[in-house]
Amino acid sequence: MELREHYLALVTPEHADKPKYMAMLRNTFKYTDDIFALAVDLDDKFDVDQAEGAQLDVVSEFVGVNRQVAYDPYAGVSSILNDHLFRTILKAKICQNMWQGGIDELADKWADVLPEYVLGIKDNMDMTMDVYMVGPTEPLLTELLQKGYIVPKPGGVRVNYYASEQALFAYDVDVPGLRGYDLGYWSKDITEYPAFSYEKDELHNRGYDQGYWI
């Protein structure tokens, strides 16, 4: 039953048989269904998992993230993120804002950001930490990880980033993302700067003015 009809059904018999009175009520209530539907739908429109376009931009104002990243992505890709990647860094920023500083807690929150990936974090106890991401390789997402948009970087700590589509090799370990002999693969280090190349223009190899000697 429409909201309008619900309220009209509440009219007592004393007045329900008055045509002009009922017509006046119908005319008064004719917009209530659209207003009610908008009010019910409003929460979903600004839910970070469902919002799109301008709605995501509004959410970002409260979270503290900009759709345009503060660097030039690889191979001329636009610095303005699409909804999929923008939603990812929004959720990552929300997790960072709620993070209490523990490694285990951070790994648990990762599942809310990118459930199709496995995140591993290791404190090397020497002011460095290793972060590995196992899952489908997406160059721009890998860049966002390396630039600190996904995993928070503690002040004064050097972070080594690794990405792999396959489970990484680890001694005496058999957990999601880390496997032993015959099952694990060597990781791929994500260097902070792309290496210089005469002919390539991709995530890890760039030309003049963008690539670095290593």
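**Helix 6 against helix 8**

I began with the residues that join these two helices in this predicted model, and found that L85, T88 and I89 of helix 6 meet L140, L141 and L144 of helix 8. Sorting the residues of this contact by class, I noted 5 nonpolar, 1 polar and no charged.

I then looked up the geometry, since two packed helices are described by the angle between their axes and the distance between the axes. For helix 6 and helix 8, the latter spanning residues 139-146, the axes come within 11 Å and cross at roughly 25 degrees. Angles under 35 degrees count as roughly parallel, and helix 6 is therefore roughly parallel to helix 8. I recorded the crossing of helix 6 and helix 8 as right-handed.

**Helix 6 against helix 5**

Next I turned to helix 5, residues 54-63, which packs with helix 6, residues 83-98, at an angle of about 25 degrees, the axes being 10 Å apart. Helix 5 and helix 6 are therefore roughly parallel to each other as well. On the helix 5 side the contact is made by L56, D57, S60 and V63, while helix 6 brings D83, F86, R87, L90, K93, I94 and N97. By class, I wrote down 5 nonpolar, 2 polar and 4 charged residues for the contact of helix 5 with helix 6.

**Cavities**

By class I listed 7 nonpolar, 1 polar and 1 charged residues for the lining of the largest cavity.

For the second largest cavity I took down a volume of about 30 Å³, with Y117, M133, G135, P136, T137, T142, A163 and S164 as its lining. The lining of this second largest cavity divides into 4 nonpolar, 4 polar and no charged residues.

Notes. Residues numbered from 1 in each chain as written. Predicted model: local features only at pLDDT ≥ 70, side-chain atom pairs only at ≥ 80, totals over all residues. Heavy atoms only, no water. Axes fitted to C-alpha atoms, helices over the stretch in contact; angles between N-to-C directions. Helix = DSSP H or I, 4+ residues; strand = E, 2+ residues; numbered from the N terminus. Parallel < 35°, antiparallel > 145°, perpendicular 65-115°, else oblique. Contact = heavy atoms within 4.5 Å. Nonpolar A, V, L, I, M, F, W, Y, C, P; charged D, E, K, R; others polar. 1 Å grid on protein atoms, 1.4 Å probe; cavity = no way out; pocket = protein on both sides within 12 Å on 5 of 7 lines; lining within 4 Å. Points joined across faces, edges and corners; volume = space filled by probe spheres on them. Left-handed = near helix turned anticlockwise from the far one by under 90°.
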